[in-house]
Amino acid sequence: MPLGELYDPSRGYLVNDTCVIEAEVAVYKADPWSYDSKKETGFVGLKNQGATCYMNSLLQTLYHIPYFRKAVYHMPTNVNDMPSASISLALQSLFYKLQYSGNSVATKELTKSFGWDTYDAFLQHDVQELNRVLCEKLEEKMKRTVVEGAIQQLFEGHHMNYIECINVDYKSSRKESFYDLQLDVKGCHDVYASFDQYVAVEHLDGDNKYQAEQHGLQDAKKGVLFIDFPPVLQLHLKRFEYDYVRDIMIKINDRYEFPLQLDLDRENGKYLSPDADRTVRNLYTLHSVLVHSGGVHGGHYYAFIRPTLSSEWYKFDDERVTKEDMKMALEELYGGEEEHLMQANPGINNTTHFKFTKHSNAYMLVYIRESDKDKIMCQVEEKDIAEHLRERLKREQEEKEQKKKEKAEAHLYSIVKVACDEDFNWQIGKHVFFDLVDHDKVRSFRVQKLMPFNIFKEEVAKEFGIPVQFQRFWLWAKRQNHTYRPSRPLTHFEEAQTVGHVRDLCNKVQNAELKLFLELELGPDLRPITLPDRVKDDILLFFKLYDPEKEELRYVGRLFVKDVGKPIDILTKLNEMAGYAPDEDIEIYEEIKFDPSVMCEHINKMSTFKSSQLEDGDIVCFQKSLPAEVSQRLRCPNVPSFFEYRHNLQVIHFRPLDKPKEDAFCLQLSKLDTYDEVVERAAQQLGVDDPSKIRLTSNNSYSQQPKPHPIKYRGVDNLLDMLLHYNQTSDILYYEVLDMPLPELQGLRTLKVAFRNAANNEMDIHNIRLPKESTVSDVLDDVRMKAKLSHPEAELRLLEVFTHRIYKIFSSSEKIESINDNYWTLRAEEIPEEEKNLGPHDCLIHVYHFMNEENQNQMKIQNFGDPFLLAIHEDETLAHIKTRLQKRLLVPDEEFSKWKFASVSQGRAEYLEDSDILFARLQRSGVAWEQYLGLEHIDNTPKRSTAANQYRPPYEKAVKIYN
């Protein structure tokens, strides 16, 4: 700006001898694609495989506990181990990359080491459950190593479950360990309120008195107190619970606060047991917060972590790591509601208050004890990492950098792939059956695009040992029928251009490869000789020979033919190339295409090559002419049938039905193979003499699990029918080796029947196989022959049992074909003498064991154990029945005295007195199994929520680490 304008009063720059400058500042949002986590924060994120955010947030939390990271680094691994097969090495590799990599890190090696497949990567699991399963697995792997016990030293604490009688001097306690604590969120405003509720005393009185040894039923109090807390305290917040009113699972988004410093010695150690070491100061600092954003049916996980326990907090959200203001973040993570002001009518000065529920809130808290901070937050240096691991990962990093460099320079280079007769000889009939060559298996050159092609020929001369003057190069072309054949030789003018120019002649796709066929001729001494000149009417044909007896195909060479010539003119030459007699009668075919279907047509020997539409690069297949009787006995008597057979070949993975994730063996089969051919090949592989003893089950392509019903004997025409599932073709079959031929088995009905052995009182399972038209009476006769009875003449009956209740007593004449034992248990038992001749004043009642479980302040009856039937008399009291029950069940007096007896109907228990008459109570109308005599067992174990009680949607599998 000229000074004249600055001093001009009308411009407004100078006011009262002061220079006034206005600056317009604009803040633009950073481009998320160009954000560099390492540069901005010093940390890198983890890549999400589909639905692995829950795992990423947990791994970042564990990684930023240096003691844990160092323990993982010290787990023994071998130089020959593969990360995808070793959890220890995969986790070491992942942590090393998080520590030293400049970019986000992939987790595929780790999930492969878990035994997970792609399907598992797209299933979201509970982060608390994964934490427990992973730590258990690592604890197992650390046994008998230098880091044995590291997991316990970090995460293990102990508490005491106690029951103390009020009116007598009796106290019972039990010490238990924990790796994490489940804290209630509902009804609690912060962590301290949750701990208060955790140790709250429960009074056992009234109907819920405690049975104290030598003191009988007593009023008592029970609860939990902590013996010691771990150095790293993991608190899992119970954000999910079952809503009984609405009969659904819900997420609790209530406001729930947690302090940066947690004092568990507060109020004179109210959470501690008398045995606790009071010299240990249980003051904790918040290290990390795992967040769940979403609802019951899914959501997203991320973590807030302060890696050094300083005031600096970072948000780890999959690949993106950002620095965060923790005061603002904490307010968001508490959950609850937030209020918004919204103008109801524009132009009118009125506003409306709206409250919105925050669906992002803390789900798991990690605290580190102040007195252990120096030990836990130790320095992790490169020397802590095994040398072989450092070398492996540095080598991987160098290879990655090299690939990155090559990718950056890719526009300057071309990949040139050169195929010759040697490749055709090696590949055809072994690796390749259609076309001439797999270009991924020929010699490859990375050449600068600006390199003159004549210079490139010198590189070829060095590699192949063929002087430049003996080389002739042909361009390959992709035809409309998707085949790939040599199309024309390069001209002298084209060879004078650059490699990049030659590449553009055949492919306009950016950075596409240049594929060439090197034509050369060898003399009798196998030395290269000068190539013959090619004239306009010459056609270059390639020849394959087929042997129908051996079902073998091989490359035998190439010839130049005249377009007006005929196949009959070269028959002698073809016989010579094949090693046949000069006058051998042969059949000739043109290999046209193979995708999506095979096309291979017979060539008329008397037609010209031009009239047969043959051109440069075409492939001619030939074979001996076969008599009709020979052709009939061969599977592939001619070239077209052989190509059709090869086109339908597929490698099938056979897995045992009882181990559906493990391949037992693989077979290359044709999709056109019949049922008999498939089971015969499988039987040969398994060493089974009779193929009919092999039973196969198809694969569900979506769940990657066996279908529920096996394939019936000759129930499908061919292999393709076995592999198809809703237009998806699988490559997996499951097998069983039967103890009898499948046709015979299919004529039988197989039932699993349980029977309590009279000799040792153990429940045995018997497989009963009978013709489908058999009856229950036949089943019981079979059981009688297999089971050990109390006496030979004992009468039997068959019951249907499900969820510890008897649902049906089968009539002896009922057909077994209608019985379903897939979900119900079939139980055979001896009929007691007292039940054989029931009179009009007797009845048969159901007797079930149960416990009354409190869930969300409601009592729920939970049946367990073996249900049974009991004959009672019209005037029989409960006291008399109890005597009979104790004798029948062989229960000691002390244990039997703890039981309660109730008439249970429709899930409600009505407790009985010894003087009550049961006959009238249990003769009401209703379903038999819903009305029974209940034997209540009191569970005196203090209840404490575990991760297993956390919500898991019905479609979600439990977290499993298989290796």
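Reader: Is F517 buried or exposed?

Author: This is a predicted model, in which local features need pLDDT of at least 70, side-chain atom pairs count only at pLDDT 80 or more, and totals for chains, interfaces and linings use all residues. Residues are numbered from 1 along each chain as its sequence is written, and side-chain values use heavy atoms, with hydrogens and water left out. Buried means under 20% relative accessible area, exposed over 50% and partly exposed in between, with a 1.4 Å probe and protein chains only. F517 has 0% relative accessibility, so this residue counts as buried.

Reader: How many aromatic pairs does the structure hold?

Author: Rings of Phe, Tyr and Trp (its six-membered ring) pair if their centres lie within 6.5 Å; planes under 30 degrees apart count as stacked, over 60 as edge-to-face and the rest as tilted. By this rule, the number of aromatic pairs is 42.

Reader: Which term describes the pair of F424 and F517?

Author: F424, at 0% relative accessibility, is buried. The ring centres of F424 and F517 are 5.6 Å apart and the planes meet at 20°, so the pair is stacked.

Reader: Where does the charged end of R646 sit?

Author: A charge sits over a ring if NZ of Lys or CZ of Arg is within 6 Å of the ring centre and within 35 degrees of the ring normal. K624 lies over the face of Y580, 4.8 Å from the ring centre. The charged end of R646 is 3.7 Å from the centre of a ring, that of F433.
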